[in-house]
There are 2 protein chains.
Amino acid sequence: MQQLRDRIKTDGKVLSAEVLKVDSFLNHQIDPELMMAIGEEYASRFAEEGITKILTIESSGIAPAVMAGLKLGIPVVFARKKKSLTLTDGLYSSNVHSFTKNVTSEISVSKDFIKKEDHLLIIDDFLANGQAVLGLLDIVEQAGASLAGIGIVIEKGFQPGGKLIRERGIRVESLAIIKSLKEGTIEFYEEETVK
Amino acid sequence: MQQLRDRIKTDGKVLSAEVLKVDSFLNHQIDPELMMAIGEEYASRFAEEGITKILTIESSGIAPAVMAGLKLGIPVVFARKKKSLTLTDGLYSSNVHSFTKNVTSEISVSKDFIKKEDHLLIIDDFLANGQAVLGLLDIVEQAGASLAGIGIVIEKGFQPGGKLIRERGIRVESLAIIKSLKEGTIEFYEEETVK
């Protein structure tokens with residue numbers, strides 16, 4: 001998605017060869033118009049899939065997910081992150097390890113909002129090691145729901161998450177895929193869908 | 001806002017005389033079309049205010065805030081909640097006590113995204129004891145920014161937050177104000193703006 005790659009080039013900050021900061025438009029400050037463009041892009045890529053619901057994870061997945069939900073005319077459910085859950089009745093839950101923060105969180109979704117009849121689109125802001133997406137996939141599986149695919153805003157193509165998930169035969173649509181952040185320069189893959 | 005009150009009547013669950021659950025359309029599952037209607041309502045109520053930015057708090061404030069930001073053509077910044085912050089350089093932060101969870105969290109916003117020239121609209125999903133809004137007001141003050149007002153989706157009019165904040169002379173626009181949840185029945189105040 002050219003508009004997104006341009007924005008990353010202009011406003012993204014390379015903190016190291018692994019870390020790209022995009023908190024001026026995606027993670028902390030949010031550009032609603034860009035989120036709308038992203039939502040439209042997902043809606044168009046997944047238009048024919050008969051998706052019934054979008055599943056995302058708090059907090060930075062919510063804005064792009066809600067815009068996609070608006071365009072597709074379907075609800076959005078966000079998984080909640082907690083260090084530990086006291087009440088797990090009525091919840092699907094899974095553990096997600098963050099390599100950057102070195103913390104394992106429990107994520108959970110109420111059983112009221114994902115049913116086995118659902119055909120889901122997972123949306124998240126970043127795909128790096130893939131742990132958050134794997135946690136969401138675990139929840140989809142627990143619910144016995146089916147999956148149309150995964151929409152990612154920014155994939156770090158030099159980290160293993162994308163490969164790991166595509167190897168399972170899952171369709172992953174990343175709107176920008178970073179090839180490298182070396183020497184402070186942001187390089188993208190040409191193809192938006194890495195096969 | 002009639003559409004919102006109707007939705008609360010239909011899908012809200014009264015768990016006790018104090019607790020209203022609206023996680024089927026606002027807090028956990030999100031109805032994007034309702035969020036858009038809410039965003040339009042805020043945009044119209046605050047249209048003449050010259051607002052430069054919306055400030056909200058993760059996670060449930062994000063969806064209505066992003067829709068309002070879309071309609072007003074301005075960015076949204078969400079405060080992050082953390083139990084404790086290791087890095088506080090470059091952050092405005094404040095403590096927020098949750099009476100329901102009996103936990104005090106630190107909320108923070110990067111100094112990069114609120115400037116003293118900003119004229120802010122605060123948006124949040126719920127107003128009950130007002131602690132989250134007071135924390136956001138503290139951050140606005142630290143930044144030296146000015147405030148146009150506060151947009152709340154659901155105010156619990158029988159709890160003290162609304163009164164506390166209006167007494168400071170701050171404009172609070174709550175789209176639905178609950179008068180009572182007694183005996184499992186949801187009663188609203190007629191007037192949307194309680195003076």
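No aromatic pairs were found in a search of the whole structure, over all chains. A pair requires ring centres of Phe, Tyr or Trp (its six-membered ring) within 6.5 Å; planes under 30 degrees apart count as stacked, over 60 as edge-to-face and the rest as tilted. The model is predicted, so local features need pLDDT of at least 70 and side-chain atom pairs pLDDT 80 or more, while totals for chains, interfaces and linings use all residues. Residues are numbered from 1 along each chain as its sequence is written, and side-chain values use heavy atoms, without hydrogens and water.

Chains A and B share an interface. In chain A, 32 residues are in contact (heavy atoms within 4.5 Å) with 32 residues of chain B. The buried area is about 2600 Å², of which carbon and sulfur atoms give 65%. This is the accessible area (1.4 Å probe) that two parts lose on being put together, summed over both. His28(A), Gln29(A) and Phe113(A) supply 25% of the area that chain A buries against chain B, more than any other three residues.

Methods
Chains lettered and ligands numbered in written order.
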